[in-house]
Amino acid sequence: MCHADASERIQCGRDKITEDECISLNCCYSELAGAPSCFYGVGSDFNNQYGTCVIEHELRSRCGEKDITEEECGDLGCCWDLSEDKNYPSCFYHGALVPTCSVDIFQRNSCGYSGISESECVDKYGCCYDQNSLTEDTRCYFQDIIPSGELSEPDCSDKKYRVKNLKKSSSGITATLDFGSQKCEKYDADITSLDFAATFETDTRLHLKVTPTDLEKYPHNADIPKEAFPFVPEVTGASDPEYVFDLEEDGDFNIVVKRKNGKIIFNSLEFVFEQQYLQVTTSVPINANIYGVGEVVSEFKRNANATKQALFALDSGCPKDSNIYGHHPFYMEIAEDGSSYGFFLKNAHGQDFILEPGKLSFKVNGGNFDMYFFMGPTPEEVVAQYHKVIGQPTLMPYWTLGWHQCRYGYKNLEQVEYVLDQFEKKKIPVDTMWIDIDFMDGFKDFTYDEINFPPKNIAKFVDRLHEKHLYYINMVDPAIATEKGYKTYDRGVDADIFVKNADGEDFVGKVWPGLTVFPDWFNPKVEEYWTREFKEFKDIAMTDGNWIDMNEAANFCNGACSGASKATPFKKGVFNPNNPPYVIFNNRNINTPLNYKTFDMDVTHYGGHIEYDVHNLYGHMESIVTNKVLKNIDPIKRPFLLSRSTFAGTGSYAAHWLGDNISNWDQLHWSIPGMLNFQMFGIPLVGADICGFNDNATEELCARWHELGAFYPFARNHNSIIGSDQEAFRWESVTESARRALAIRYEVLPYLYTLLIRTHTDSGMIVYPQAFIWPTDSVAIDNDEQFLFGKGMMITPVLKDGARSVNGYFPAGKWYDWYDPTVSFRGPTYKKLDAPLEHIPVHIRGGSIIPTQGPKLNIYENRKSPFGLIVALDAEGKAKGELYLDDGSSIDIKGKKSEIKYAAKEGSLTASGSYNYPESQKLATIKVLGIESEPSKVVVAQGNSTTVKFTYKEGVLIVEDLAISMNEDFTLNWA
């Protein structure tokens, strides 16, 4: 049935599909010149030569006798799919392929010519027409074919739950939702009775929740386990809410959320609640300004007309517009007037996020509707309100803001030492050395390779780092090798803390060391187990932080390596984790089965949880447990943990990097939206692998990436074992690029640390998109090629190969060139900026005060340097800023902190604050930018008033050789 001539073949799947992907679609695969390699099978039923084996069970037509074998079925040219339900045939005829205009907007092939009319497209050419296609050329496009046996998705927008038992109070609304005798059954049996609750939690936060009335009958539609979401948001009540939400007894249930001025922000067009399929669709403006929903490699502003993205944690590299490591069902919409709202669906199940003209949908494999609305109204306020629900980012140590050097492929300790020596020799800043899995004995966790990374030598190397006030981090994967005699495995077996197959045996997958088992983070005994393994490992050589990778969880087999778990046909109303009725766009949008490169969905976790319900929580739970472990081992110092897989709230326990990116110019650009997204998601300490992880970086790409990476919140060079060397010292141009860009980073470290602290205390962000500060600026709203470092510095990286200049957009305000602050201009405006290979354009925003120190070659030396202030006056002669000081390492600082506010106006700079951290360094230099005329004198007052020397040139006042205490207020006046 898979033999077909070139002229007979009808393509199945996407272009350049792999054989495995093709077979997963139940299609045929063989390479033939001039024809699709992946194609539908050939059959003889329904008087149609072509057919498919992708047919719903209830629509199958039996081929042959009831007890036919697979071989006999193949001889008849029919389809074979072993069915455990005798009501459905295992051998059946192919289904016919019928034409359709339902073609993915990204896959449309142009029909006719550009500018063709709808009538000519349809009537003359027999093609499809859609005014809202991506391009004018594809408004008229060829039909596609679909199997006639596939069930089309019904539209249930006219089927509404009825509101019953309505109760209202000042704090919220409760009701029962009754579906009555209606029938939707879009993918599964309808759940006909639901409990609804609206809670007016704060003036700016509305919480809506819909769950089955009978949770005992529908346990897989329960809440996210409390262990995975221990944070409890504060509920203060709403005395003057910014939102309006209401229901009527016996009325139709619709989710309509308005601002108090009556403007609708959310209006459910379709609401579906089935055991294994949930859907909510809301109307959005055409070309809406939507941001968020991840983790994804994409533009920062989502394509409002054509986005389809799965949310399902997957070890998948960094393909564009596809699900990868994390799960963050949170988005923000910015309206034309700049007002913003946010929406969070607190649901850990696999799901699709879909944007099409005028509509936004979440389509979910299970769980319930636990929805939060955040009213802003500014984008920054929306983000802060969201963090109040998921937990504010954790308190990170100061040293994490330095430069980090790593790679997968350091063959021995000598290579690591050589790299460190070269950084010192070339005078390139570095604070932390990392070692990937190369250090392990056979890739087993908590071991060292006795030959290439001898434990005694590792200990000496770490001592050397610590003597220099530098830091050491290595990798721990969750997968534990199943090797008897390997103590970490043996102790795990004894404690019985590994996840289980459906039959109760330890689930066995395959990762770097070979066959592996996986800790069950829900098991209450796992913390003690994990603490012991970390403690004994750290006793060999003390790591200053840890890196947890492959925790989606990654698996080199599709489910159990034994293949023990089998998918059975889905029947409506019967829960089926291994074969759900709705197939999300998993793995590059090709609808791969959910156990692809991970666990089977019927794997069990402690407490009765199954993988289908908690898959997206695995890495998040590992972060929670590992964070506790690090605090158990050292309750004094702030732990540093870097995790690949994340969930809403992971930022309360760990930082994140953007995964296994590729050394190319597109990925350089897309790293900017990536780090901006994670500011929204509450994991602000984030960055991409600088120069790229996969493939080989060119000299120019690596130079430009070091320039951009110097302004990532988390700045680390890292690449793969098969990639060429890409440390900054490998090329002279890259060395110079790194030195120059990192000199800026290290100089503004006090500013950067203050930003980091404010993410923890105030739900702030470290880097900002222009859209969030100028939400009514039509250029800023789309711009993801520039970003702000804090709110006071604009970064304009070069993102094109061969470019020696870059066009930057500068919104309203006054802007100063970092390198020559006598050059200033006002926005909104475009600027063509010179950008030689070793140079990245940086500008200071008028109205900002930037605290500085150094720059030196590591953070320890930087903090031993005098302070400075850069005061950039706006057009009205004003500026403000702040500085936070503490020891940079303690969890409990015991009140020893200083918080200083700086303000400049009318020829005066003042510093005022609280001073409980004894800072020994002095404020030595103050630069004031934007003074229109040279002052006649400058006076500093701190206790006594002193007239001081200064220099002035073209609007820039510089006062040097000061010795102002950082432990009390002062003023500086110029006139």
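A contact here means heavy atoms within 4.5 Å.

**Ground rules.** I'm working with a predicted model, where local features need pLDDT of at least 70 and side-chain atom pairs count only at pLDDT 80 or more, while totals for chains, interfaces and linings use all residues. Residues are numbered from 1 along each chain as its sequence is written, and side-chain values use heavy atoms, leaving out hydrogens and water.

**Leu909.** I looked up what Leu909 touches, skipping residues up to four places away in sequence. Among its partners are Ile849, Leu869, Val871, Tyr902, Ile926, Phe970 and Trp974.

**Cores.** Next I checked the nonpolar cores, meaning sets of buried Ala, Val, Leu, Ile, Met, Phe, Trp, Tyr and Cys residues joined through side-chain atoms within 4.5 Å. Buried is under 20% relative accessible area, with a 1.4 Å probe and protein chains only. The largest core has 209 residues, and Leu909 and Ile926 have the most contacts inside it. Domain 2 and domain 3 both give residues to this core, so it lies between them. I also found a second, separate core of 62 residues, including Phe266 and Ile584.

**Domains.** The bounds come from an automatic or database domain assignment. I noted domain 1 as 97-147, domain 2 as 162-315 + 329-377, and domain 3 as 477-527 + 553-637. The centres of domains 1 and 2, taken over C-alpha atoms, sit 33 Å apart.

**Cavities.** A cavity is a set of points, on a 1 Å grid over the protein atoms alone, where a 1.4 Å probe fits but cannot get out; lining residues have an atom within 4 Å of a point. Points are joined across faces, edges and corners, and a volume is the space filled by probe spheres set on them. I counted five cavities of 30 Å³ or more.

Pro393, Met396 and Leu756 are among the residues lining it, and its lining splits into seven nonpolar, three polar and no charged.

**Disulfides.** I looked for pairs of cysteine sulfur atoms within 2.5 Å and got five disulfides. Cys73 and Cys91 form one of them, with sulfurs 2.2 Å apart. The torsion about their S-S bond is about 90°, so I wrote this disulfide down as right-handed.

Notes:
1 Å grid on protein atoms, 1.4 Å probe; cavity = no way out; pocket = protein on both sides within 12 Å on 5 of 7 lines; lining within 4 Å. Nonpolar A, V, L, I, M, F, W, Y, C, P; charged D, E, K, R; others polar. Buried < 20%, exposed > 50% of the residue type's maximum accessible area, 1.4 Å probe, protein only.
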